[in-house]
Amino acid sequence: MYRFDVVIVGGGTAGLYAAYNLAKFGFSVCVVEQKSVDSLYKITGDAIGKHHIDRHGIDISGIVENFYKGALVYSPDEDVRLKVPGEGYALDISGWLKRLASMALSRGVTILDKTTFTKPIVDGKYVVGVRCRRDGDVEIYSKVVIDASGATAVVRTRLPWNIPFTEPLKYEDVSYAYREVVELDSEPEEREYIRIYLNQNIAPGGYWWFFPKKGSVVNVGLGIWGKYVKELKYSPLEFYKDKLLKVRRELQNRKIINSGGGIVPTRRPLETLAWYGIVAIGDAGVTVNPVHGGGLGPALLSAKLASETIAEAWERGSMSLENLWNYNIKYIEEYGKKQAKLDIFRLALQHMNNEEIERGLKAGLVDESEVLSISSEARTSSIFDKLKKLLKLRKVPFSLARKLILSFTYMKKIEKLYDNYPRDPKDLDLWIEKLRKLYSDYLKTLKKI
């Protein structure tokens, strides 16, 4: 049996960064991780925006495999190409996780690697620790538990089903991804840009990507909306082999270095990121950008905000929901409200076909700066004005215009609702009722267009 101030389940980006921050505050911290510390790895696109690194001041020397100036976004027929600005890095993801682990260890964090979480320890309504398996059964007691276990969220989903914190993800809330890190015959052109390809035939409800790393090595893969995976009964790997590889000659003679797939939660954040004695961060808290699927930056942010809130709750004397509630407020103000707006826009994109996307881009509906403002900041005002003009000139399909106008309307509604996120957990149920009705109304109308 162990006792710590904080126990964190999951040694990924969010969990390790939270451990580092909490240890800096003076807490005794334990991280429970299935893998060995020496073999930490995660299936990702391996890319992160420069602004995230700058904000958190993390040393990435020696683990950067490429520097990006921005992204090239292609229409379905690839007749339109937008060069979107935005600096970022291609990371050696294994080196990145080892760097975060080293930072945590240097602050005195205990990492129990090769340890499997089995279930939470609950006392009344409080989570007071976790049970694990590590050469036998292990109990770890703590003042607060952090679920950083990724999209599966194994801690919070094993709590009583009738509380908002255990909210399950539906097929419509996730994307299924498959990707390979491969070596090509030669270095790709314009390797200082990541490439995003919008094509509903290859990646229904998502996109496929081509991210140059060092030399002739690239990270290439695709993400498919979970709704289509369920309906079509066709996996991302099958789409990758049967659709993508057959049309991209540059991938035919690739040498596979690493491959794998996973689930990416691409929707608004959890209705509450905190409960009694527990918080969720990173993918376990559903903090991924719903439009482009970037998760490393939001993982760092959620870890930082959760750590700050736990320190404040400690000063107040308990890890009650009331004392942890400020984590919700901080996250929504910093990113959650924008994430919810992007979720509305994401659903509109997933209901578009290739013709609508192609004609919209050919008509100049968005330019490079507008793509960035939508995907990162959820700003749509300039596009709305342009859309009305193009519709009068009949340069965009009427169905596309209706979907976009509907999404812009509901983005404003969701923003207003999140502006009024309850300051007291007692008001959460009523707020959730309004949120779910808003989504229900939106989707009913969207499906009719």
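Helices (H or I, at least four residues) and strands (E, at least two) are DSSP runs, numbered from the N terminus. The model described here is predicted, so local features need pLDDT of at least 70 and side-chain atom pairs count only at pLDDT 80 or more, while totals for chains, interfaces and linings use all residues. Residues are numbered from 1 along each chain as its sequence is written, and side-chain values use heavy atoms, with hydrogens and water left out.

Strand β10 (residues 174–183) is joined to β14 by 10 bridges in the antiparallel sense, and Val182 stands opposite Ile256 in β14.

Another group of strands is arranged around β9. Of the 11 residues of strand β9 (residues 137–147), eight are buried, so the strand is mostly covered; buried means under 20% relative accessible area, exposed over 50%, and partly exposed in between (1.4 Å probe, protein chains only). Strand β1 (residues 2–9) runs parallel to β9 and is joined to it by seven bridges, with Ile8 opposite Ile146. Strand β16 (residues 278–280) is also parallel to β9, through three bridges, and there Val279 is the bridge partner of Ile146. β8 and β9 form a hairpin with three residues between them, and Asp135 in the turn has a positive phi of about 55°.

Side chains of opposite charge can pair when their charged atoms come close. The structure holds 34 salt bridges, a salt bridge being a side-chain nitrogen of Lys or Arg within 4 Å of a carboxyl oxygen of Asp or Glu. In one of them Arg55 meets Glu334, with the closest N and O atoms 2.9 Å apart. Arg55 lies in helix α2 (residues 50–56) and Glu334 in helix α8 (residues 326–350), so the pair ties together parts that are 279 residues apart in sequence. Arg55 is partly exposed at 44% relative accessibility, and Glu334 is partly exposed at 37%.

Lys362 and Asp79 form another salt bridge (3.3 Å, N to O). Because Lys362 lies in helix α9 (residues 354–362) and Asp79 in the loop between β4 and β5, this pair ties together parts that are 283 residues apart in sequence. Lys362 is partly exposed at 49% relative accessibility, whereas Asp79 is exposed at 54%.

Glu231 and Lys227 also form a salt bridge, the closest N and O atoms being 3.0 Å apart. Both residues lie in helix α4 (residues 226–232), four residues apart, about one turn of the helix. Elsewhere, salt bridges that share partners join Glu167, Asp173, Arg267, Arg268, Asp343 and Arg346 into one network.

Notes:
Pairing = 2+ DSSP bridges.
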